[in-house]
Amino acid sequence: MDHGYRFKLWSSKAARRLIWILAMAFAAVFLVQFFKLPYDHNVFTSLLSDAKVSFFGRTNYTNSARISNNQSSDLDSLSVPLKRNLTLGNSSYGTMGNSSYGTNLSLSHEISEKIPAASISQMDELLQESRTSLKSNPPLPSSAVDKELLYAKSEIESAPLVHSNSELYEPVYRNISKFKRSYELMEKMLRVYIYKEGEKPIFHESILEGIYASEGWFLKMLESNKIYVTEDPKKAHLFYLPFSSRLLQLTLYVRSSHSRNNLIEFMKNYVEMLIQKYPFWNRTNGEDHFLAACHDWDVSLPTVYVRSAKNPLSDVGGESPAKRPILAFFAGYMHGNVRPTLLKYWGQDTDMKILGRMPHVKGNKNYIEHMKTSKYCICARGYAVHSPRVVESILYECVPVIISDNYVPPFLEVLNWKSFAVFILEKDIPDLKKILLSISEDKYLEMLKGVKEVQKHFLWHAEPVKYDLFQMILHSVWYNRVFRLKSV
């Protein structure tokens, strides 16, 4: 992850809350660990210390500054500048440790409200700043694997100049040359070791349908992959924990208990077992370990609603611009503060369809048809910043309008989101229609082309396809792992 940002010291009430969020709600994110400090026995507590959960900012933690479950405090201590909110300005994923290599971790509702809203342009600037100021020490002495990563970093930084081609459309990328070279190197070099430990159903098991299906699809694809997976951990650049946050919840959570302590303890014990059994975690303090977990509460790994495991591409696509009479569309539960405000101002507008929850129809056909026949699709936060509507908009070729302050979109280290999405601050909801009508037809068509071009990055296939969602998630982890190492 490209954020040298970490949370300011907080305390236990907030810490415990965030810990279970991480354990349960790694929104399909890969939180790859960036552990600078030595491992300590309280894994999930130490995840919140310096370089472990790169939520925001505080550098130079010491052992004495780690969070203890006996401390007390509240979220008021989390007054952090947005600069530190660019958690993962990179890509998306998360885990037993930290934010991710790619992860685009966005904050929970209470925390994000404490941070000033930033525009997508400011996030872009912060991402660039974080990459230039990033500090990470490679393990000493450097292994052959580390030397390979440093070689890849050098190659990416000096990538030959390329422009649009039949596969990649230049305007939707931050730097098409670096992305293309990085992807090529990943295909040739990347090796991932998958831990065999862990019993089904929590480990080595996949849920392939529903809103949390991304973690299952990634696990299934990686475990069956013959290109990236190695049986020799000494050759691995990354180590994968084959875990399902959704199955953890379904298996161990005691209904109506309002307690996730047993889930946290279960995963803590699992990681401790790996650390005691193998030398690999301690070689980098977990910095090269990751897991993929999916939830739409906090983190923003692309949440893709898969309606059919046999045909994950069903319903993809949309109508032509001429057959999109609806200016903007939103429908959903009135969670949080943003959606009721949206309904209050625009629920009666005749050019837009701003609705509450739509009546259920088999296959959600009514909802999907509205997205396919709208120019813009509103992706408004609920209780938290992340929404599956972002990916749904792209799948149905509807320009996303993201109303979620400080939301860090997926694959931000690679994709130029301003070229194919509209970002509106929550305070500007009263001006929503004016903002959308101010976008010229040419600009809209340009953004629509961008949506269609990035669509391939958000698709699951029965078998991995070049540049698809499986490959992009893995590239995010790879890319951020590469750029965590200092050049010698």
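Tyrosine 193 is buried in this predicted model. Its relative accessibility is 7%, which falls under the 20% cut-off for burial. Tyrosine 195 is buried too, with a relative accessible area of 0%. Phenylalanine 239 counts as buried at 2% relative accessibility.

**Aromatic pairs**

Across the whole structure, a search finds 24 aromatic pairs. One of them joins tyrosine 193 and tyrosine 195. Their ring centres lie 5.7 Å apart and their planes stand at 85 degrees, so this pair is edge-to-face. Tyrosine 193 also pairs with phenylalanine 239. Here the centres are 6.0 Å apart and the planes meet at 65 degrees, so the geometry is again edge-to-face.

What does the pair of tyrosine 193 and phenylalanine 239 tie together? Tyrosine 193 belongs to strand S2 (residues 192-194), and phenylalanine 239 belongs to strand S3 (residues 238-240). The pair therefore links parts that are 46 residues apart in sequence. Both residues sit in one aromatic cluster, formed by Tyr193, Tyr195, Phe239, Tyr278 and Phe280.

**Charges over rings**

**Fold and a helix crossing**

The chain has 488 residues, and 60% of them count as buried. Its secondary structure comprises 16 helices and 10 strands. Take the contacts between residues at least 6 apart in sequence: 79% of these join residues at least 24 apart.

Two packed helices are described by the angle and the distance between their axes. Helix H5 (residues 144-157) and helix H16 (residues 469-482) have axes that come within 9 Å. The axes cross at roughly 95 degrees. H5 and H16 are therefore roughly perpendicular to each other. Which residues make the contact? H5 supplies Asp146, Leu149, Ala152, Lys153 and Ile156. H16 supplies Trp478, Tyr479, Arg481 and Val482. By class, the contact of H5 with H16 holds six nonpolar residues, three charged residues and no polar ones.

**Backbone exceptions**

Most residues other than glycine have a negative phi, and most peptide bonds are trans. The loop between S2 and helix H7 (213-223) holds proline 201. A cis peptide bond joins lysine 200 to proline 201, with omega at about 10 degrees. Histidine 204 is found in the loop between S2 and H7 as well. Its phi is positive, about 60 degrees, although histidine 204 is not a glycine. Is histidine 204 buried or exposed? Histidine 204 is buried, at a relative accessible area of 18%.

Another positive phi occurs at aspartate 315, where the value is near 75 degrees in a residue other than glycine. Aspartate 315 has its place in the loop between strand S5 (292-293) and strand S6 (326-331). Aspartate 315 is partly exposed, with a relative accessible area of 24%.

Serine 177 is part of helix H6 (residues 176-189). Serine 177 is buried, with a relative accessible area of 7%. Leaving aside neighbours within four places in sequence, serine 177 is in contact with Ala159, Pro160, Leu161 and Val162.

Proline 321 lies in the loop between S5 and S6, which is also the place of aspartate 315. Which residues are in contact with proline 321, leaving aside its neighbours within four places in sequence? They are Tyr444, Leu445 and Leu448. Proline 321 and leucine 445 are 124 residues apart along the chain, and their C-alpha atoms are separated by 8.0 Å.

| Residue | Relative accessible area | Class |
|---|---|---|
| Tyrosine 195 | 0% | buried |
| Phenylalanine 239 | 2% | buried |
| Serine 177 | 7% | buried |
| Histidine 204 | 18% | buried |
| Aspartate 315 | 24% | partly exposed |
| Proline 321 | 29% | partly exposed |

Definitions and conventions: Residues numbered from 1 in each chain as written. Predicted model: local features only at pLDDT ≥ 70, side-chain atom pairs only at ≥ 80, totals over all residues. Heavy atoms only, no water. Phe/Tyr/Trp six-rings, centres within 6.5 Å; stacked < 30°, edge-to-face > 60°. Buried < 20%, exposed > 50% of the residue type's maximum accessible area, 1.4 Å probe, protein only. Helix = DSSP H or I, 4+ residues; strand = E, 2+ residues; numbered from the N terminus. Axes fitted to C-alpha atoms, helices over the stretch in contact; angles between N-to-C directions. Parallel < 35°, antiparallel > 145°, perpendicular 65-115°, else oblique. Contact = heavy atoms within 4.5 Å. Nonpolar A, V, L, I, M, F, W, Y, C, P; charged D, E, K, R; others polar.
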